Amino acid sequence: MSVNVKVQYYNGNRPEEYREFEFKNNRSVISVNDAVWECKRKNDTASAGRETTLTFQVAKGNVSKAGVAVNFLFNNWEVDNYVIMPAAAYNGNRFDVLDYGYPPLFKRKDYNKNPPITITNVPRLSKYEGESRMDLNTGDLSTPAVGIYFPRTQKGIWILTEQSTELGNSVLIFKENSQRNKAEFTIAAPSVREKYYSMANLSPSKETGADLKQGDKVTIRYRVYTFNNLSSPKDLNNQFLSIRKSFAASVRVNQLPFSKAFELMERQENDWWSARDSLYTLGGDSWNLKWQLGWVGGLMVTLPLSEVGADSSADRSFKNYDKVITKSQAKSGFFYGCGKGNIWCSDCFWEPHPDNLLLLRKNADALYFIYKYCFSRQLKNRDWRMPMAWKEPLHKLSEAFVNLWLQNHQWGQFIDIETAEIKVGGSNSAAMAIGGLALASKFENRPQWLKVAKEAARYYYRNFTVKGISCGGPGEILQNNDAETAFAMLESFITLYEVTEEKEWLQYAEDAAAFCSTWMITYDYKFPASTLFAQLDMKTTGAVWANTQNKHGGPGICTLSGDCLFKLYRATGNKLYLGMAYDVAHNIMQYISRADRPIKDQHIGWINERVNLSDWEGKENIGNIFHGNTWAQVSAMLTVAQLPGIYINPVKKEVVVFDHIDATLNGNTLTINNPTKFDATVRVFIDNNPTINYPQGFISTCPVVSVKSGETRIIALSEIGKGTINQ
């Protein structure tokens, strides 16, 4: 790799003239037309990685439509090199493309049991001849960075930079030459993209250079990390885990205690409960907005409502499970993906899918969450038994997954729900079925189901996690890479470890967690002052990107709590996982609209899915949302049920506060302060033995401590009560 630094002048969105700086004693001066530019370079070899600061200044004269850039040039380039730009490109997005408008759905002519991974028209390195280039605003990435794994030399590199300079956000450009034997990565300011991305579409941008006057400065900082002895992209992503916050700046904000947040969300869910249909609905009447099995909430919202909700919510949750399990099963054994209470369809996006298409991920979610519910009920009531009416449908569901695997050695993405024929395969969309079968095998004592879960785990680990890809979870992105399948893999590997206590799955989980970290926003984004999120002082650290097509962060993980990271920390002692869990859990509550802090026109208790750093929906929608409640509410409710407000490890004398309160540990005395406007009941987990896996639903049984608004309480650990793991 070689590096050059330059100033460039634009004609529209393309640089037409540039001059390189030649440094002597880390300083260079050049004349361009009637202006003089100076660049000072500072190398910080004491920092982790090699940090470089470039300070550009117009020393004399004025310039128009200009910019500055640092270029990293790679000779002897090979197309097999793995390129990752966190949340924006995985394997350089070097996949097949279907140029479909939104919502992009596979058509009959596209059906293929073993297709190449196929994505929409997003910035990408080309798999075929033609232009091979990605132009990305730093707001298009969860972390402004690029990583490259070189298989031939088994080396790797990460280059990280900051969100912005004095000229606003920067642009990150990765491109290959036509022969594909050279590549170039550029950090440039201001952000000038040749092509601008909007929903599944690339078009010429109207961006150009900046007008600068004498004395104006522009500063670009970056860090370069290099690695040897890497065996695959997973190793490159594991290196990212410890360096991803190199330029991060985050502020902890306490606003809304978990207990108050749940109260607001439970009240809203009560409004959308349909007694006639025995379903927690999505608030509308159309196929898409009445009820969906998985993905956006479905049989997931019932779990936190049953665990930490009121008795009425627990009763309704049971009725919801009962309705779906006993009334919505197709002859294949799979459950229908959408319903209107008494009628069901295979699946839908606005309208029912043709050809009985089902996004199998929804059934994988259902299998997993149903058995989590069963284990949770047994924990709280040892006399609880699965209703007899559930046994046959759930047996058929598990067998449907097992048979589909034994026949195809994959689960596919879309199937015909009536025949269980895979219509579109080739993704790890249904990876949650690994965790679902593991739980089902334990609950039902079916070793064959666990055997299939293990086989599937090894297959998806080798073909996705190891290769640094994960795709096809959402129903309307074709097979773009996405965070949802990435976290489903992690959740499933952790579940396999819990069920078997075999170390193999723990290693898989660690590799999956490193991959998941690339989807998490690592810093508090600086929103333009006029935006909604700037006015609300929203903090973005811990928000989770959706996918490479829908270029927004989300308040949480779709559709999980992140307790998989907390469990991974307990099993390994690696605090990086604890930090990831904390970022997600503490971040999400600020996005809940409430009476004292309304968010646009949202109803109280609603959470919108948009954390828009990118301008993919137009510059006016950076830091903005649409009107509507989303799956993010389910993730927030799961957070309250599955992560403790305060976590204490008495042996290590450690305390971690996930909730929106403050707490310190002094010996065996806990001091809790509630700085928010709301009274709080805080769930406390005293972990005397982190080597023991706690059972499903355990966190919801931990004792709570009440702390009024503005109150400080000092309490001995012995007074907090049960909720410890001692055995």
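This is a predicted model: local features need pLDDT of at least 70, side-chain atom pairs count only at pLDDT 80 or more; totals for chains, interfaces and linings use all residues.
Me: Start with the helices. At what angle do the axes of H1 and H11 cross?
Reply: Roughly 65 degrees, and the axes come within 8 Å. H1 covers residues 233-243 and H11 covers residues 503-517. Angles of 65 to 115 degrees count as roughly perpendicular, so that is how H1 lies to H11.

Me: Left-handed or right-handed?
Reply: The crossing of H1 and H11 is left-handed.

Me: Which residues make the contact?
Reply: From H1, they are Lys234, Asn237, Asn238, Phe240 and Leu241. H11 contributes Glu510, Asp511, Ala514, Phe515 and Ser517.

Me: How do the residues of that contact divide into nonpolar, polar and charged?
Reply: Four are nonpolar, three are polar and three are charged in the contact of H1 with H11.

Me: Switching to rings. How many aromatic pairs does the structure hold?
Reply: There are 53 aromatic pairs. One of them involves Tyr90 and Phe515, with ring centres 5.3 Å apart.

Me: Why is the pair of Tyr90 and Phe515 called tilted?
Reply: The planes of the two rings stand at 55 degrees. Under 30 degrees would count as stacked and over 60 as edge-to-face, so the pair of Tyr90 and Phe515 is tilted.

Me: Where in the chain are the two residues?
Reply: Tyr90 is in strand S8, residues 89-90, while Phe515 is in helix H11.

Me: Now sheets. What is the strand order in the one with S29?
Reply: S28-S29-S30, an open sheet of three strands with antiparallel pairing. S28 (357-359) and S30 (422-424) are the edges; each has a single partner strand, so one side of each has no neighbour in the sheet. The twist averages 40 degrees from one strand to the next.

Me: How many bridges between S29 and S30?
Reply: Two, in the antiparallel sense, with S29 spanning residues 414-416. Phe414 has Val424 in S30 as its bridge partner.

Me: And what about the sheet with four strands?
Reply: The order there is S34-S33-S37-S38, again an open sheet, and the pairing is mixed. S34 (654-657) and S38 (704-707) are the edge strands, each pairing on one side only. Neighbouring strands are turned by 25 degrees against each other on average, direction ignored.

Me: Do S33 and S37 run parallel or antiparallel?
Reply: Parallel, joined by three bridges. S33 is residues 646-649 and S37 is residues 680-686. Ile646 stands opposite Val684 in S37.

Terms used
Residues are numbered from 1 along each chain as its sequence is written. Side-chain values use heavy atoms; hydrogens and water are left out. Two strands pair if DSSP finds at least two bridges between them. Axes are lines fitted to C-alpha atoms, for helices over the stretch in contact, and angles run from 0 to 180 degrees between N-to-C directions. Angles under 35 degrees count as roughly parallel, over 145 as roughly antiparallel, 65 to 115 as roughly perpendicular and the rest as oblique. A crossing is left-handed if the near helix is turned anticlockwise from the far one by less than a right angle, and right-handed if clockwise. Contact means heavy atoms within 4.5 Å. Ala, Val, Leu, Ile, Met, Phe, Trp, Tyr, Cys and Pro count as nonpolar, Asp, Glu, Lys and Arg as charged, and the others, Gly among them, as polar. Rings of Phe, Tyr and Trp (its six-membered ring) pair if their centres lie within 6.5 Å; planes under 30 degrees apart count as stacked, over 60 as edge-to-face and the rest as tilted.
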